[in-house]
Structures are given as structure tokens and as C-alpha cells.
Amino acid sequence: MYPRTPWAAPCRAVALLTIFAIACSPTKPEGKGYSPRSEEKGDIVPPEEVVTPTGPTGPSAPTAPTAPTGPTGPSAPTGPPAVKKPKVLLVGIDGMRPDALAVANAPTLHALQLAGAVSDRAETNDTTVSGPGWSSILTGVWRDKHGVYDNTFTGKDYVAHPEILSQLEIAQPSLVTARITNWAPLHDTIPTTADIDLGFEYSQGGDVPSVAQGVTLLGQDVDVVFFYFAMVDVAGHDHGFHPSVPAYLQAIALVDAQLTQLLAAVKARKDFAKEDWLVVVTSDHGGTADKQHGRDIPEHRRVDFIVAGERIVPGTIEPPPQQVDVVPTIFDYLGLTPPLPLDGRVAKVAPPGTELVTNGDAEQDAGRVGIVMNAAVRGWEKRDGGVSTAYASGGGFPPSVGGANFFVGGPAGFAVMTQTIDTGPIGPGKVADISVDLGGYAAQNDSAELVVRFVDGDKRAAVDGQSESYFFRADQVQVYAHAAASASAPVTIASQFPDLGAFAGGARDFDGAVKWDATHAYFFKGSEVIYWDYAAVAAGHPKGRKGIGYPKLIADEWPALSRFKGGARDIGSAIVYASGNVYFFKGEEYIRLVKATGVTTADYPRFVSTETWTGFPIDGFYGVINFGRADKFYVFRHDGYWRFDIAADRVDDGYPLAVDAGTWPGLSLFATAATSARLGPVLASDRGQTTKLVHRQAVGVPVPAATLQIGVELVFRREGTSGDNDGSADNVTINLR
């Protein structure tokens, strides 16, 4: 349940009253409605203004006389404050991307985010279309249970898994429940026993008629209301789902203005002061600038999750919530127990725990029955697989080593699950005890391994020169000679590249670099860039000179990079292709520019994913070099390096590998052993050709004193090219001492 500390309720009440005050403000963002999509195509048409009718104006009613007060005496004893009646407004906004909401003119949604428990990384189904999305949101279970895999709703099972209002009618029939939907399949296909069920179709006036009805309904005797907005999705299909698409942002602004009207209706309720309203906002899927959604990629899977109410502790929900968390969250706020088993859990800001790894034992998820879908796994970022599966769900699975569930690779040949633990400064003398259970199926060498990275605050970068490559860390550089295949001893960057001292803060802590052509490179630091000429060697400048007028702002050099989250700064690396394209990377995003013009297209930035950079590390890297080769390039991160095949457009098998004396001789500043630990893989020979998990541990692993974060990664690999990836893992633990 949500806390009611002496200060929590008043503070939440102030926050919610602020939101409702915004709702009653006469100033609203402008927006436009949209005509129907083909799935929904059409031209922009202005919406009609929604006006709440008022009664006739007449003389003011006489003021009742004030009751006389009695003689002054001791104050009457006061009892505990009256308990407000909890009520819920669930708002579904179809097709809204979190990064688009972040930049849209949406003051009411932004106010809800500030006042509530929130996440912009909530997870949807792997089939990112409306049918399974809304079914998961409204039933609280994933598609392997509710049976909806697409927008035909074929296979639906709303008898065993009814939607939320029907569940509430079972749990507490006295509640007055209502839904207003504006997409016919929601109304016609998902049955409800709600007391009020109003269905509209967005092709007839957009969301305007349903909002007008919602304003009226919210002034009546209702306890729980589900309200659905259609037109953001319509705008995405017409113009593109992307924060750079004005019509898409305008659709979000219009929904925000319409939500403002709904919240104003809530505040105008005659008993509002006696009510405790929970507002939940989420979406069924995102999308991409190509006007599509439905793929298993971050742009399509991630949605916002907003929970705002008087008893809600504001902050970021960790681990990020899932679609199926809506139902249990609402039941919990109402003080009710769901009548049926659910896959979700209550979404709220929880106090820090003692266990470093979130959901390392797979028990925070409802285990899948077999390998049937690429469901979200709580606490873990995923690439193409990694499924929480029940031990007892079918033949061929290993016997339990504790608990009900374990992790298995899934249908993809290569799958990765990651999480990052913010530790703050570790300090000297700490060691880590790391353990995991790893295994696979019978005589197959499908495998899993655990990688633990200790990430410090040192900035790293790598870039090619003419016949050598340069590896930078903090204020040091090592020169790796291609012909000799060895690195020099570390020296200061200032001694080799004195002109890079022109950066703010001096010649140190570069974010990234890229070789631009045969004799030139760019270096990135913060918001600045320096153009470098390797051929301009002079006394005191052994590695070249900077271009005249540099450093410059990255945003001035390449305006399109301002599209990155956080703007044109902190560029991690870049890759120049022979095709004339250059790819800039920042964290999990990348932007492709035409090298000659700096022009990009509307679908950038995009996320690094299996669809875009197969096999890449999905949570950032510090450098890319080609080592003098035209067919490969090498990607470096704290725990090793990856070799990317340009023609095959994927990472080569067998990577990542460690940076050590056998792979990159002499590269001591970047040696993997000092910054990471690996457990596994466990192969068939380790398991005695049987299906089981084998315990692996590393005790007393030295933790670098400068560590600020610990990266945790489960890597699943399939032997061969067919069948499921049966690499398995469970019970990931990291303890510092």
C-alpha cells in the first residue's frame, strides 16, 4: 500500500491541486484534430471547440445567514481527519512516444509527471500494436494469457482474463465504473461489465465528441473511469511517430488540452474535497518516423507510465514498470485485492533495497509457459531475447535451483539482458562476491554467461590516425602502432596533442572522436568539437594541429545533432562509411548524417538495437576504430571489444573479447581484467551433457576504487543457426564487502 506519513498526504494533495488548478486555467495549448486514418490517413482539420454548458444567468441567490456562534470555551476535541474516498481516472493515449511527450507543449501531462511516480521507459508487448497493447494494459496479463496477438483480436480470452472494470465489479460491485473509448475494436471486442460503457469512433470528429461526453460523465456519480484518446496514433500514422514531426507534437498538445478539460471536470465535482483521485496515464506503443509501429524495437516498445495521486510518492519508478502493472496499481490504490492472478505488480517509487541486482532470480515476473514471446523482464534492458520462464512449464527445461522461474535465451540466436547499478563512489579496498547459475539443454552448447563491469568516471575515447590508433583515458593517451601491433606506454595527451588543450578544461576527458578522412579527425568534448589535421606536424606538435577557429560548438558544426536527447553534446563516437554517410552515437541513440552536407532524415535519432546494429553493445561504448581495415571496425567498451563486419552488417561471432596482452598488446590503460569479471559460459561438457544449471562464482573480485556504476549483463548464445536459444541463467547476485 502507499504510505501515509504525516507529511505525505498534504504534500501530494498540494501537488494534485496544482495540477487541477492548471486544468482550470483558461489558457490552453493550441492544437489540431485529424481526420480518420486509413489504417487512418487524412488531412488535418480543425476541431470544434468543446464548451461545457452553463445555466442561465440570473440574480445571485440570497446568501444564507451565518449561524450564530456560541460562547467561547475550550475547543471541542477533534477526531482523526476524514478519510477521502479513493477514485481513479485511467487515461490511455494511443501511440504516444515518451521522447515526443518530453518536448511537446503539454503542461498538464508534464505537471502530472512532476507530481507523480513516473517512468519514460515502461515496457510494452513485443508485438507493438494496439490489440495486444490495450489488452495487456486492461487485463493485467501478457498476450500469452489474454490471447490477443494482433488487431484482429483472434484468440482472445477475456472470459479467463477480463478487463479491469469487470474485475473491479467482481471485487466491489458497489463501485460505479465507466469507460469511454474512441476506437471501435476496444468497445466492440473487449467486453466489460462496467456500469457505463460509451463507444465512439475517431473517424467521426476525432476525440472531440468523446471528450465532451467525458466532461459530463466526470461530473456524475462515478468511481473509476477509463478514458481513451485515439488521435495521437492517427497523427503518427499520417505524419510519423517522432519528436521531430510537428504534426505529431501538435496532436500530443491537443490531447493535453483535452485532458485539461477532463481534470477540470474532476475538480468541479461537488464532493471533490472529499475525494482522493488517482490519475494513471500510459500508452499501448510508440512508433517511428516511417509512420509505423509493430516491431520489437525500443522506439516501438517504450511508453510513458504516470501515476499521480495524493498518496503517491513522486519520483522515478525503478525498475521501470510494464503495461501489465496498470491493473494491480489501481487495485492497490483502491485498497482492493484483484480477483484473478495477474502478471503485473504495483508501480511505485520504492525505497532502495540491499540487493544490488534487480530481479536477478527472475521471480519479479510471472514466468512464461515455455518460450512463447519476448516479454519484458522487470529490471533488465533487453536485446532480442531473454525470457523469464517457469521451470515447470514444459519438457526440456532444467530442474529448479531455487524459485519458480529462470532466464532463457529465447528464439534469437544471440540475446542480451543488461542493467546498470548506480553505486556512487565505491572507494578503496572493496571486493565483490559474484555468483550465478548457468546452463543449457542436453548435449547442445547453447550457453549463457554473466559479465560484470565496474564503470568509473574516467572519460575514454579512441580514434584512428594515419598509421596508428589513439586510445584516450582521462588525461592520458596510448599510441597503438598498426604495423607493430603494440601500444606505447601511456603519456599525457597534452604532450602529444597540445592543441587539444583549447577545449574547456584542457586536454583531457574527451567524450569521443572520429577519423573523418585520410588526414583529418574530429574530437568531441561536452558541447565542443575540434577539427584535427594529422598532417600538420610541427615542432612541439608531434601528432598534428587543430583547425583554425576551433573549438566550435557541435551544434554549429552539425545542427542536426541537436536532436539527440540532451542536445548536441557528449557525443560518444562516430563512424564514417565509404557510402558517404557518417553515424554519430550518444548513449543508446544514433544519428545518420550525409557527410558532405550534414543533412539527416526525420527518422533520427534512432536507438541502437538488433534491427539497426546487430550485436552492438546496447548501453553505449567509448570508441570505434578500423585498425587500418576497410572491411571491419572495432567497437570498445569497458569490458572488451566487438569486431563489426561492414558487408554482413553485424558483429562477428565470438565477440566481445577481452582487451589483454593477447588481443591488444600493451594497451594497459584499457585492460579488461582491471574493469570487469566474467562467469561462464557453461557448456555441455560442464553439465555432463545433461539439462541443468551449474553454479559459478567469483569471490573477492577487486573493485576499482573509482567505480561509480556496476554494469550487469547476461549474454545468451545459441549453437548453430536453428532452434531456440536454450542458454539459461538464474540467481544473479553481486555483494560488495
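Reader: In β20, which residue is the bridge partner of A481?
Author: Ground rules first: this is a predicted model where local features need pLDDT of at least 70, side-chain atom pairs count only at pLDDT 80 or more, and totals for chains, interfaces and linings use all residues. Residues are numbered from 1 along each chain as its sequence is written, and side-chain values use heavy atoms, with hydrogens and water left out. β19 and β20 run antiparallel with 2 bridges; strands are DSSP runs of E with at least two residues, helices are runs of H or I with at least four, both numbered from the N terminus, and two strands pair if DSSP finds at least two bridges between them. In β20 (residues 486–487), the partner of A481 is S486.

Reader: Which residue in the turn between β19 and β20 has a positive phi?
Author: The two strands form a hairpin with 4 residues between them. One turn residue has a positive phi of about 55°, and that's A485.

Reader: How many bridges join β18 to β19?
Author: β18 covers residues 468–473 and β19 covers residues 476–481, running antiparallel. They make a hairpin with 2 residues between them, and A474 in the turn has a positive phi of about 55°.

Reader: Which elements give two or more residues to the lining of the largest cavity?
Author: A cavity is a set of points on a 1 Å grid over the protein atoms alone where a 1.4 Å probe fits but cannot get out, and lining residues have an atom within 4 Å of a point. The largest one holds about 50 Å³, and its lining includes F414, V416, E713 and V715. The elements that give two or more residues are β14 (414–422) and β37 (707–717).

Reader: How many charged residues are in the lining of the second largest cavity?
Author: That cavity has about 40 Å³ of space, with R460, R473, Y622 and R637 among its lining residues. By class, 4 residues of the lining are nonpolar and 2 are polar. The charged residues come to 3.

Reader: In the open sheet of 8 strands, which two stand at the edges?
Author: The order is β6-β5-β7-β3-β8-β9-β4-β10, with mixed pairing. Each edge strand has a single partner, so one side of each is left without a neighbour in the sheet; these are β6 (196–199) and β10 (315–316).

Reader: What angle does the direction of helix α3 make with that of β9?
Author: β9 (residues 302–308) pairs with β8 (residues 275–282) over 4 antiparallel bridges, with T282 opposite F305. Helix α3 (residues 107–115) packs on the sheet, touching β3, β4, β8 and β9, contact meaning heavy atoms within 4.5 Å. Axes are lines fitted to C-alpha atoms, for helices over the stretch in contact, and angles run from 0 to 180 degrees between N-to-C directions. For α3 and β9 the angle is about 70°.

Reader: How many residues of helix α4 are buried?
Author: Buried means under 20% relative accessible area (1.4 Å probe, protein chains only), with exposed over 50% and partly exposed in between. W134, I137 and L138 are among the buried ones, and α4 is followed by G140, with a positive phi near 85°. For this helix (residues 130–139), the count is 10 of 10.

Conventions
On a 1 Å grid over the protein atoms alone, a cavity is a set of points where a 1.4 Å probe fits but cannot get out, and a pocket is an open set with protein on both sides within 12 Å along at least five of seven lines; lining residues have an atom within 4 Å of a point. Grid points are joined across faces, edges and corners, and a volume is the space filled by probe spheres set on the points. Ala, Val, Leu, Ile, Met, Phe, Trp, Tyr, Cys and Pro count as nonpolar, Asp, Glu, Lys and Arg as charged, and the others, Gly among them, as polar.
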